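This report goes through a single protein chain, from its overall layout to selected side chains. The sequence and the model are shown first.

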Amino acid sequence: MEHPTRIPDRLGDTPKILDLFLTSNSSAYDLSKRRCLWRFASTSWGNPRRYYADFPRNDYCFRVRDPSLCSERITEVMVSGIEAYIPHAFS
């Protein structure tokens, strides 16, 4: 295979290690990337719920007509809430 077998979850994501074994184009893979470890069990779920409920989605995400830009903005909102309210550390 010449291309990654999955769609990255976020902008800037690189293919995962499993894809390296399924490709003939190994130069596209960065194996030195730091990994983020999320601590979902220690999250106070009320905080992200309030964040997402109060976020002005219509004004920020859905005001644009371009579906790609709309999906990018939705992703930004989701990631910002996760990063703000779910404890994490980098390996």
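## Overall layout

The protein contains four helices and two strands. Their order along the sequence is α-β-α-α-α-β. The model is predicted.

Of the 91 residues in the protein, 14% are buried. Among contacts with a separation of 6 or more, 51% are between residues 24 or more positions apart.

## Aromatic cluster

Five residues, Tyr51, Tyr52, Phe55, Tyr60 and Tyr85, make up one aromatic cluster. The number of aromatic pairs in the structure is five. One of these pairs is Tyr51 with Tyr85: the ring centres are 5.6 Å apart and the planes stand at 55°, so the pair is tilted. Tyr51 belongs to helix α2 (residues 46-54) and Tyr85 to helix α4, so this pair ties together parts that lie 34 residues apart in sequence. Tyr51 is partly exposed, at 21% relative accessibility, and Tyr85 is also partly exposed, at 32%.

Phe55 and Tyr60 give another geometry: their ring centres are 6.0 Å apart and their planes are at 80°, so the pair counts as edge-to-face. The relative accessible area of Tyr60 is 30%, which makes this residue partly exposed.

What does Gly81 touch, leaving aside its neighbours within four places in sequence? The contacts of Gly81 are Tyr51, Tyr52 and Ile86; Tyr51 and Tyr52 are also members of the aromatic cluster. Gly81 is located in helix α4 and is buried, with a relative accessible area of 0%.

Asn47, 34 residues away along the chain, has its C-alpha atom 9.0 Å from that of Gly81. Arg50, a residue of helix α2, is 31 residues from Gly81 in sequence and 9.8 Å from Gly81 in space, C-alpha to C-alpha. Arg50 is partly exposed, with a relative accessible area of 49%.

Arg34 sits in the loop between α1 (17-21) and β1 (36-38). With a relative accessible area of 53%, Arg34 is exposed.

Which residues does Arg34 contact, apart from its neighbours within four places in sequence? They are Phe90 and Ser91. Arg34 and Phe90 are separated by 56 residues in sequence, while their C-alpha atoms are 6.3 Å apart in space.

## Charged pair and nonpolar patch

How many salt bridges does a search of the whole structure find? The search finds one. It joins the side chains of Arg63 and Asp59, with an N to O distance of 2.7 Å. Side chains of opposite charge can pair when their charged atoms come close. Arg63 is exposed despite this pairing, its relative accessible area being 59%.

A nonpolar patch on the surface is formed by Phe62, Ile74 and Met78, which together have about 260 Å² of accessible area. Met78 is part of helix α4 (residues 67-85). The relative accessible area of Met78 is 40%, so this residue is partly exposed; a patch residue must have over 30%.

## Cysteines

How many disulfides does a search of the whole structure find? The count is zero. A disulfide is a covalent bond between the sulfur atoms of two cysteines. For Cys70, the closest cysteine sulfur is that of Cys61, at 6.3 Å, which is too far for a bond; the cut-off for a disulfide is 2.5 Å.

Cys70 is buried, at 13% relative accessibility. Cys36 counts as partly exposed, at 21%, since the limit for a buried residue is under 20%.

Conventions. Residues are numbered from 1 along each chain as its sequence is written. This is a predicted model: local features need pLDDT of at least 70, side-chain atom pairs count only at pLDDT 80 or more; totals for chains, interfaces and linings use all residues. Side-chain values use heavy atoms; hydrogens and water are left out. Buried means under 20% relative accessible area, exposed over 50%, partly exposed in between (1.4 Å probe, protein chains only). Contact means heavy atoms within 4.5 Å. A salt bridge is a side-chain nitrogen of Lys or Arg within 4 Å of a carboxyl oxygen of Asp or Glu. Patches are made of residues with over 30% relative accessible area and no salt bridge: like charges are joined within 9 Å, nonpolar side chains (Val, Leu, Ile, Met, Phe, Trp, Tyr) within 5 Å. Accessible areas come from the Shrake-Rupley method with a 1.4 Å probe; for residues, only the protein chains shown count as cover. Rings of Phe, Tyr and Trp (its six-membered ring) pair if their centres lie within 6.5 Å; planes under 30 degrees apart count as stacked, over 60 as edge-to-face and the rest as tilted.
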